Amino acid sequence: MALASTPASAPSAREVLRARYASQLPARLEELTGPTHGTVDLPLHVVWSGLSSFDLDRPRLRMSLYRTVLAEGLHDDLVVFLNKDLLIDQWPVLRTLVSRAIRDVWEHAFPELATARNITAA
């Protein structure tokens with residue numbers, strides 16, 4: 001009995017993840033027009049267990065919301081729940097809390113995020 005082999009051209013798990021995250025990206029950061037204050041309730045398809053309501057005025061909860069939406073959100077979730085200015089402000093820390101695939105895709109698509117990281121590190 002012969003075992004089926006994986007074709008040499010099959011994408012790696014890393015490539016699949018990067019493609020998934022890249023397909024959800026907004027065309028421009030300006031599309032991220034989510035709230036900057038108040039409470040945000042995430043839908044079940046974004047957060048299916050644990051905390052689903054986040055107070056944006058509490059830095060840890062805001063960071064948790066952004067981490068969750070970046071990892072699990074669809075395109076529409078990104079533009080509805082994330083805010084461009086908050087994302088840029090939080091990026092130097094947030095980038096250390098998300099997966100390498102998310103970080104690489106976002107920094108490649110939006111060089112201003114990499115710039116924000118470098119300014120904070122200086």
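**Figure 1. Secondary structure of the predicted model.** Six helices and two strands make up the secondary structure of the protein, which is shown here as a predicted model. Along the sequence, these elements follow the pattern α-β-β-α-α-α-α-α. Among contacts between residues at least 6 apart in sequence, 64% join residues at least 24 apart.

Figure 2. The protein has 122 residues, of which 39% are buried. It exposes about 7,400 Å², and carbon and sulfur atoms supply 56% of this area.

**Figure 3. The largest nonpolar core.** This core contains 31 residues, and those touching the most other members are Leu42, Leu70, Leu87 and Trp106. At least two core residues come from each of α2 (59-72), α3 (75-81), α4 (84-94) and α5 (100-109). Helix α2 provides the largest share, six residues.

**Figure 4. The surroundings of Leu87.** Leu87 is one of the core residues that touch the most other members. When residues up to four places away in sequence are not counted, Leu87 touches Leu29, Leu32, Tyr66, Leu70, Leu94, Trp106 and Leu113. Two of these partners, Leu70 and Trp106, are themselves listed with Leu87 among the core members that touch the most others.

**Figure 5. The largest cavity and its lining.** A search of the whole structure finds one cavity of 30 Å³ or more. The largest cavity has a volume of about 30 Å³, and its lining consists of Tyr21, Gln24, Leu70, Gly73, Leu78 and Trp106. By class, four of the lining residues are nonpolar and two are polar, while none is charged. Leu70 and Trp106 line this cavity and also belong to the largest nonpolar core.

Definitions and conventions. Residues are numbered from 1 along each chain as its sequence is written. This is a predicted model: local features need pLDDT of at least 70, side-chain atom pairs count only at pLDDT 80 or more; totals for chains, interfaces and linings use all residues. Side-chain values use heavy atoms; hydrogens and water are left out. On a 1 Å grid over the protein atoms alone, a cavity is a set of points where a 1.4 Å probe fits but cannot get out, and a pocket is an open set with protein on both sides within 12 Å along at least five of seven lines; lining residues have an atom within 4 Å of a point. Grid points are joined across faces, edges and corners, and a volume is the space filled by probe spheres set on the points. Ala, Val, Leu, Ile, Met, Phe, Trp, Tyr, Cys and Pro count as nonpolar, Asp, Glu, Lys and Arg as charged, and the others, Gly among them, as polar. A nonpolar core is a set of buried Ala, Val, Leu, Ile, Met, Phe, Trp, Tyr and Cys residues joined through side-chain atoms within 4.5 Å. Buried means under 20% relative accessible area, exposed over 50%, partly exposed in between (1.4 Å probe, protein chains only). Helices (H or I, at least four residues) and strands (E, at least two) are DSSP runs, numbered from the N terminus. Contact means heavy atoms within 4.5 Å. Accessible areas come from the Shrake-Rupley method with a 1.4 Å probe; for residues, only the protein chains shown count as cover.
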